[in-house]
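Please look over the sequence and the model below before reading on.

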Amino acid sequence: MENRRCLEYTCPSHGGWGMVRIGMLIPESHQLFVCPSACGRHGALGAIKQGLKNRLSYLYLEESDVISGYDDAIYDAVDELLRRLYERPKVLIVFVSCLDDLIGTDGDAVIDELSVRYPDVKFRMGHMNPIQSDSDEPPLVSIWKNVYSLMERDAEECIPAVNMLGNYVPIDEDGEFHELMALLGMKICHVGNCETYQELKEMGNSCLNLLVTPPVEKVARQLKREQGMDYIFAPVKYDFEEIKEEYQTIFDKFSEMGVISEVAMVGGDTTDAMDHFRVRAEQIISAAENKARKAIEDAREAVGERSLYVDYSAFVDPFRVAAFFHKEGFPIKRVYAKDIDENQEEYRYLVEQTDVEIVHIKGHDIVNKWKESDEGIAIGLEAAYVSGAKHVVSVFQDEKMFGFHGVCLLMEKLKKSVEEEVDLENVINQAGLVV
Amino acid sequence: MGKLCMTLPPFSPDYSGVCSALFPFDTITVIHDASGCTGNYTGYDEPRWFRSRSPIYCSGLREIDAILGDDEKLIQKILFALEEIEPEMIALVGSPVPMVIGTDMEGIAAEIESRTGIMSVGFATTGLKYYPQGVEQVYKKVVKRILEESEDRNGENVEVLRFSEGDTDGQSGNGCDTVGPKYRVNILGATPLDFGNSKTMDDLQAFLVENGFEINSALWENVTKEEIASLKYADCNIVVSTSGIELAEYMKKKFGIPFITGLPFGTRYANVWLQKLAERISENSKRNVTEESLCQKEKNSCPDYNDTDKAEKFPIKSGSKVLIIGEQFQANSIRNALEAESEVECTVGGICGWDDNFAEVQDRFLETEEEIVTLLNDGSFDVVIGDPFYEELMKMKKQFYPYAHYAVSSKLGKKHSKSLIEEKLLSVFE
């Protein structure tokens with residue numbers, strides 16, 4: 001069923017990280033939504049659930065504002081907001097919604113004016129505008145741009161640190177990637193670990209940005225252009241060969257940047273030190289791989305004949321994960337996808353070489369497809385809802401996973417899911433979903 | 001709500017009101033938006049959405065469609081869906097973007113109806129207003145239309161049909177002896193946006209049945225066009241929120257059906273309310289609704305608080321000044337119930353919908369967060385009853401009793417979603 005021809009179904013378990021929650025990753029920030037009251041309801045309720053509402057305010061538009069524009073109303077509201085807040089935020093994002101794309105508020109001019117009025121506050125214009133979902137700057141691209149554009153390089157030379165961009169939560173610290181970076185003397189930075197705005201700013205001094213998800217590419221290009229911060233793609237992979245290739249790509253980049261040589265120099269003899277690093281890195285990777293292999297075997301045994309269903313909310317690339325499961329001998333039966341690229345290698349593999357069913361979860365016919373109950377295991381809450389699976393792995397966009405340790409985390413969750421049947425409504429509520 | 005709002009979430013919008021009122025009908029409902037508006041409704045304004053097969057969709061509006069005014073794309077998506085779903089009705093629901101570009105929701109609906117032969121209705125909702133206006137629009141555009149079309153078609157004599165199909169053997173089947181036929185009542189204005197996850201509607205219907213009434217229609221679940229058409233056969237309409245008042249007035253004028261507002265909260269007030277309902281029917285019909293014709297339970301004394309000790313045992317001290325913030329008709333009923341049980345003085349602060357005709361002098365409609373804050377912190381009130389989210393706005397120490405309003409706190413207020421029918425009134429103080 002083609003996406004563009006269909007009315008879109010909204011699953012009751014739809015949600016995850018919306019504009020509000022991503023913006024809230026900016027420490028010491030506040031958000032002011034300037035929109036019809038309706039546009040703010042889901043974000044506000046989600047923020048209350050996550051304990052963030054004290055950093056979120058609204059200026060509700062009325063018909064007269066829509067007709068005559070609302071630049072002045074924004075200035076007045078910011079004046080009032082900053083007067084009434086107990087503590088002045090370091091960053092204020094002024095969000096507008098879909099209708100502003102048609103009204104055409106000059107966001108840059110608004111930000112300039114506010115910056116003149118309040119030079120101690122950093123202002124950003126946010127766009128919660130799903131009407132632009134098929135443009136080159138959909139909401140996810142624009143919000144990440146707002147977050148990471150606050151990084152500022154103020155050191156003459158970069159510091160030995162890498163930033164992971166585009167993942168909502170930091171990767172698990174027990175993984176081999178942390179060990180490998182430590183071997184290189186590299187700190188891993190993530191906006192979710194920043195407690196102050198200053199810490200986020202200082203991420204601008206890191207020597208490399210690792211892009212974990214595609215929507216951050218635009219801001220990464222901007223940071224390279226404006227601040228000279230280099231970047232490479234490092235999406236979450238599950239296939240063993242792909243993981244090893246990804247590590248090789250990262251090391252090659254460091255090598256190109258001279259980072260490995262610098263570390264090696266500390267040890268005295270360059271060649272010996274380089275050899276030492278490579279040998280040690282191989283040992284770490286090999287140990288992690290063995291652990292992941294064992295985790296897969298254990299999970300496969302625990303899963304048995306139960307069908308597996310994966311969805312697009314659990315993984316950035318559900319087809320890649322489904323292909324991995326199939327190759328590893330898991331009984332993967334269905335992928336619930338939102339966007340389908342028929343030229344994608346893994347999609348073609350699933351369609352041409354397996355009997356895995358691909359279901360468009362936004363299609364209007366989904367109301368006739370969902371099941372009351374199923375013995376299988378759903379990975380992702382939308383798959384859980386539609387499939388009726390009794391066993392559920394609650395995960396959102398590969399969270400915390402990276403490298404072989406990521407495979408281990410996924411397998412652990414899979415094994416655990418077999419042990420109990422869930423009350424899905426409870427799981428959804430506990431997940432604190434935000435549409 | 002206007003101006004700056006720093007604490008409360010935005011309340012349920014008009015398009016949620018439309019969808020909520022349409023939910024029990026056999027309808028394909030399409031919210032013409034990009035995704036967020038539909039997510040508001042399905043995520044936070046519809047407790048029935050989970051495990052429902054109700055076909056409520058987002059049109060997937062994109063900027064290029066808005067700029068080009070490509071209504072045909074929307075029509076084609078609906079026609080495609082009709083290949084697999086056979087509804088009695090199609091509803092198109094507006095959102096902020098269609099408002100800005102001036103989409104003719106009614107015109108598109110008319111076009112769809114002309115192509116498919118299926119009743120189609122367009123709603124010019126904007127997201128700038130609140131849910132009662134959406135519910136009212138459904139009553140105006142769907143219910144009235146079906147009532148009028150069915151009248152034209154059947155040419156029935158409503159007066160004759162009314163009273164004629166009740167239980168005439170004197171046995172109601174629930175242990176309630178009645179004399180003669182039962183009186184049929186409709187319940188108007190009931191949506192989960194006002195009653196949330198509470199059992200209020202179940203309890204109200206049970207209360208009416210126990211007292212010898214028959215529920216003609218509550219427009220609450222699985223409602224067919226035939227059931228809507230049969231609304232006119234009721235003896236009285238019970239209007240449980242401001243959303244239903246316009247339809248009730250229309251039905252009074254058109255079909256001569258009287259109405260009563262509010263709910264039978266608290267044991268004493270339930271008795272009074274029941275008498276009012278009987279009187280309203282008596283005034284309007286040739287028959288007298290006597291106490292004998294209703295199946296009355298023992299209602300003359302409150303089991304927990306009789307006249308002598310009510311001031312001592314009732315959770316609110318005699319002489320207290322009580323502020324009740326919420327849906328106006330529910331708040332009025334809480335006022336009536338409290339004043340029947342104790343010597344208290346109540347003020348109602350209405351949220352989202354308001355009708356001056358049902359307000360006391362001291363009552364007021366609260367349109368902004370600032371107005372709510374001001375009233376909550378008015379030193380003259382000792383006790384506040386309202387949605388749990390209002391407590392955060394209180395700067396002065398007062399007794400606060402949470403009573404969830406779904407259009408405010410959604411599923412986050414579930415713990416405080418209560419039915420106050422009859423003796424359950426006391427649950428608000430738990």
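In chain A, strand S8 (residues 206-211) and strand S9 pair in the parallel sense over 4 bridges, where strands are DSSP runs (E, at least two residues) and helices are DSSP runs (H or I, at least four residues), both numbered from the N terminus, and where two strands count as paired if DSSP finds at least two bridges between them. This is a predicted model, in which local features need pLDDT of at least 70 and side-chain atom pairs count only at pLDDT 80 or more, while totals for chains, interfaces and linings use all residues. Residues are numbered from 1 along each chain as its sequence is written, chains are lettered from A and ligands numbered from 1 in the order in which they are written, and side-chain values use heavy atoms, with hydrogens and water left out.

**The sheet of chain A and its helices**

- Leu210(A) has Ile232(A) of S9(A) as its bridge partner.
- The open sheet to which these strands belong has 4 strands in the order S7-S6-S8-S9 (chain A), with parallel pairing.
- Strand S7 (187-189) and strand S9 (230-233) of chain A stand at the edges with a single partner strand each, so one side of each is left without a neighbour in the sheet.
- Neighbouring strands of this sheet are turned by 25° against each other on average, direction ignored; axes are lines fitted to C-alpha atoms, for helices over the stretch in contact, and angles run from 0 to 180 degrees between N-to-C directions.
- Helix H8 (residues 176-183) of chain A packs on the sheet, touching strand S6 (159-165), S7 and S8 of chain A, and its direction makes about 130° with that of S7(A); contact here means heavy atoms within 4.5 Å.
- Helix H10 (residues 217-227) of chain A lies across S8 and S9 of chain A and runs at about 155° to S9(A).

- In helix H7 (residues 139-148) of chain A, 8 of the 10 residues are buried, that is, under 20% relative accessible area, with exposed meaning over 50% and partly exposed in between (1.4 Å probe, protein chains only).
- Trp144(A) and Tyr148(A) are among the buried residues of H7(A), and what covers them as a group includes strand S4 (91-97), strand S5 (122-128) and H10 of chain A.
- Strand S10 (residues 308-311) of chain A is joined by 4 bridges to strand S11 (residues 332-337) of chain A, and the two run parallel, with Tyr309(A) standing opposite Arg334(A).
- Leu308(A) and Val310(A) point one way from S10(A), Tyr309(A) and Asp311(A) point the other way, and all are buried.

**Nonpolar cores**

- The largest nonpolar core has 80 residues, and those with the most contacts inside it are Phe25(B) and Val142(B); such a core is a set of buried Ala, Val, Leu, Ile, Met, Phe, Trp, Tyr and Cys residues joined through side-chain atoms within 4.5 Å.
- Helix H7 (residues 131-154) of chain B gives the most to this core, with 7 residues.
- Apart from this core lies another, of 70 residues, among them Leu25(A) and Leu150(A).

**The contact between the chains**

- The contact takes 64 residues from chain B and 65 residues from chain A.
- About 5500 Å² is buried between chain B and chain A, of which carbon and sulfur atoms give 61%; buried area is the accessible area (1.4 Å probe) that two parts lose on being put together, summed over both.
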